[in-house]
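Here are my notes on the model you asked me to look over. Keep the picture open while you read.

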Amino acid sequence: MNGKRYIKVVVPLRLDWEPYYLLSDGVEASRGSRVKVVFAGRPYSAVVWETGCPEPPEPGKVRYINELEALPSISENELRLWKFIADYYLCTIGEVYKIACPLGLVRQDRSAKLAKLKESLHDKLSKAGSAREGTKKKAALLEAAEKLKAQISLLDDTLPWEPVQTKLSKAQAEALGALRRAFLDGKPALLDGVTGSGKTEIYITLASEALSQGRNVLILVPEIALSGQLEARLQAYFGPRLYVYHSAETEVQRSIVTDAVRKKPYVVLGTRSAIFLPHNNLGLVVVDEEHDGAYKQDSSPRYNGRDCAAVLASLHGARFLVGSATPSLETIFNCNTGKYARISITERYYGSAAAKVEIIDTTAEFRKNGMVGNFSRKLIAQIGKTLSGGGQVLILRARRAYSTSMQCTQCGEIVKCPRCNVPMSFHKDSGKLVCHYCGARKPSDACPSCGGELRGIGSGTQKIEEETARLFPSARVARLDGDTPGTARQEITESFGKGEIDILIGTQMLVKGFDFPGLKLVAAIGADSLIGLMDFRADEKAVQVLSQLRGRAGRREDAGMLMIQTSQSAHPVYRLLSGLASAVDFENELNAQRQAFGYPPFTRMIDLILQDSFDRRLDYLSLQLASRLKEAATGSVLGPFPPQIDKIAGKFIRIIRITLPRDGRLMAAKHTLRTLVSDFESFHKWSGHIAIDVDPL
Ligand code: ADP
Ligand code: ZN
């Protein structure tokens, strides 16, 4: 070895090999160390992957590393998680590194932020001291000081902290006992508790147990913005031990959390990217709302945060708990095979019954002259009754915009986005046609083909809002959907919470995480847009959305009500919700369908997503690739086929779907697939057009 120290490093690039470097004399690095390298003429922060490597094939080309990066090393557990993700999701370790360690993170810890707050508290107090007694100025200064004190107490872990204690109900205590027994057996567990059953209190009990044993806690949620109540609850209990982490957070906040996780006891509440924090000594990992699609990243690496959290927990020997009121079929499968324990809570903490459900058949109502615009007379009456009783109403409409599409009254054409194969929606506030896929906008005055007059078809949230205001002129009506600016969203949910809004209309965004005590009636208008889509998971998702919506109504003493307007009232989804079919029946029915058609969770699915601006090249190459895959016999190959939306932002899309049996050959099959795809890419010089999506949602 003539004294030369060869190492392999990971660079933050989509490279499927790890380049060799030489350590200069005096530079000491071990696996996980951060080093400065030059790769293909550009400087990078790299991570040492392997040391003590034998001489590589072309030793003359290997460059030296002269300097370490002034960054903390990556731990063995982190590196193992990266490797798992790369192998499982068929991406490169460099791609995982890139998202796991976002560049340019400013380094800061809480002490700097605390010092600033304390300084400004001091300042406020001394100013208040010299202000004249009884003046407005003095009162304002004292009020600001109180706010600062509260903020400080939430950050300063040297101050004593009294958790806000609660006593578990009998049902909660029983569930907790069952969970502990499962963990003793070394099993992960599903806590399958109806909305309002008090899952949060159980997470808190387990988390404080872990902390008291000197171990740390990670709690994942699908979206931070929607977990306000969970955050407040954890904050009240853990105070300065709680760290909130998500990718939209400021760099300073993220670096504060990153720093704390290395040094202090912690409970992190975060979104999927929080799995990449430099965790140490995790004792408990919780995934709340485990069924939620937001755990899946929809760009490379297309990992599922829930599933990676399970791997993270096992790397640390931590307890692993997933919670949901509507568990995914994947998790139910894990319970049925005995891999996970399933613990259910069927009663709500406040003891009230779940909201009553009424299904309204809009086709039948229409025949009876029972419809006024998008509203059935039954729903109108119920809204009126709720409002006069002082209750609030929430209306779900799954589509934003005024009209979901526009049709020409002359030639019958439906206006489509020129860059995407989808109808454009009409937005009344801007008077424009908007594409919800690429954001393209167009004037809405005339048909682009013949100049004829356009007419809206399909009502979106804006139209529902307008009709609501007309039907209930004295009610205070507001709307919350993807068109509501981020800053206004919180304002609207807060005023709804305070009872300053009577009727709130919106998309799925409304369904998650809120607990509004005055909400008595929830309604879904045009619920059919949730079911029967070209997606084998559509029914499962529809039940999740509608159950969550139902859970929003009447969370406290009295039962609320959910009304669903549909033209397919006999659909199994509605039969389940209205209690005509049991949850077990529905689960069995979905499982039977999935098994019969060879869908997950009974199989493993991998989608190859191919994109190109030239449709003929795309068709030709995707056919070629599909036949190569069929020859290689890596599972059953379906396609290429166009997805439901087969052109987005000027790029045509095709899917090749590979289904693999759930057996021990999975890794080998994935390896073959990966090699085949990268050979295909380099042979046709077509790299960058194929995305691999393992376990697509
Ligand atoms: P879930 O997450 O299962 O839907 P939550 O944890 O939000 O349910 O609990 C529902 C409501 O019951 C919340 O308002 C919560 O504060 C309250 N609650 C649950 N458990 C307790 C308890 N042990 N003591 C006091 N309040 C509780
Ligand atoms: Zn478009």
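1. Ground rules. This is a predicted model, where local features need pLDDT of at least 70 and side-chain atom pairs count only at pLDDT 80 or more, while totals for chains, interfaces and linings use all residues. Residues are numbered from 1 along each chain as its sequence is written, chains are lettered from A and ligands numbered from 1 in the order in which they are written, and side-chain values use heavy atoms, with hydrogens and water left out.

2. Domains. The chain is divided into domain 1 (6-76), domain 2 (157-337), domain 3 (356-400 + 463-588), domain 4 (403-458) and domain 5 (603-694); such bounds come from an automatic or database domain assignment.

3. Who sits around ligand 1? The shell has 17 residues, and the closest are K167, Q172, G196, T200 and Y349 (a residue is near if one of its heavy atoms lies within 4 Å). Domain 2 and domain 3 each supply at least three residues. Helix α6 (residues 199-212) is the top contributor, with three residues; helices (H or I, at least four residues) and strands (E, at least two) are DSSP runs, numbered from the N terminus.

4. Make-up of that shell. You'll find four nonpolar, seven polar and six charged residues around ligand 1. Here Ala, Val, Leu, Ile, Met, Phe, Trp, Tyr, Cys and Pro count as nonpolar, Asp, Glu, Lys and Arg as charged, and the others, Gly among them, as polar.

5. Atom by atom. A backbone N or O atom of K167 is 2.7 Å from a nitrogen atom of ligand 1, and one of G196 is 2.6 Å from an oxygen atom of the ligand. From the side chain of K199, an N or O atom lies 2.9 Å from an oxygen atom of ligand 1.

6. The zinc ion (ligand 2). The SG atoms of C417, C420, C435 and C438 coordinate this ion at 2.2 to 2.4 Å (donors are N, O and S atoms within 2.8 Å of the metal, or 3.2 Å for Na, K and Ca; water is not among the atoms, so sites may look incomplete). Along the chain the donors are spaced C-x2-C-x14-C-x2-C.

7. Why is the zinc arrangement tetrahedral? Because the four donor atoms subtend angles of 106 to 113 degrees, and four donors count as tetrahedral if all angles lie between 85 and 135 degrees.

8. The peptide bond from S300 to P301 is cis, with omega near -10 degrees, and P301 is in the loop between β10 (282-287) and α9 (305-316). Another cis bond runs from G639 to P640, with omega near 10 degrees; P640 belongs to strand β27 (residues 636-641). Finally, N281 is not a glycine, yet has a positive phi of about 50 degrees.

Technical notes: Polar contact = N/O pair within 3.5 Å; in protein donor to acceptor, adjacent residues only side chain to side chain. Tetrahedral: all angles 85-135°; square planar, octahedral: opposite > 155°, others 65-115°.
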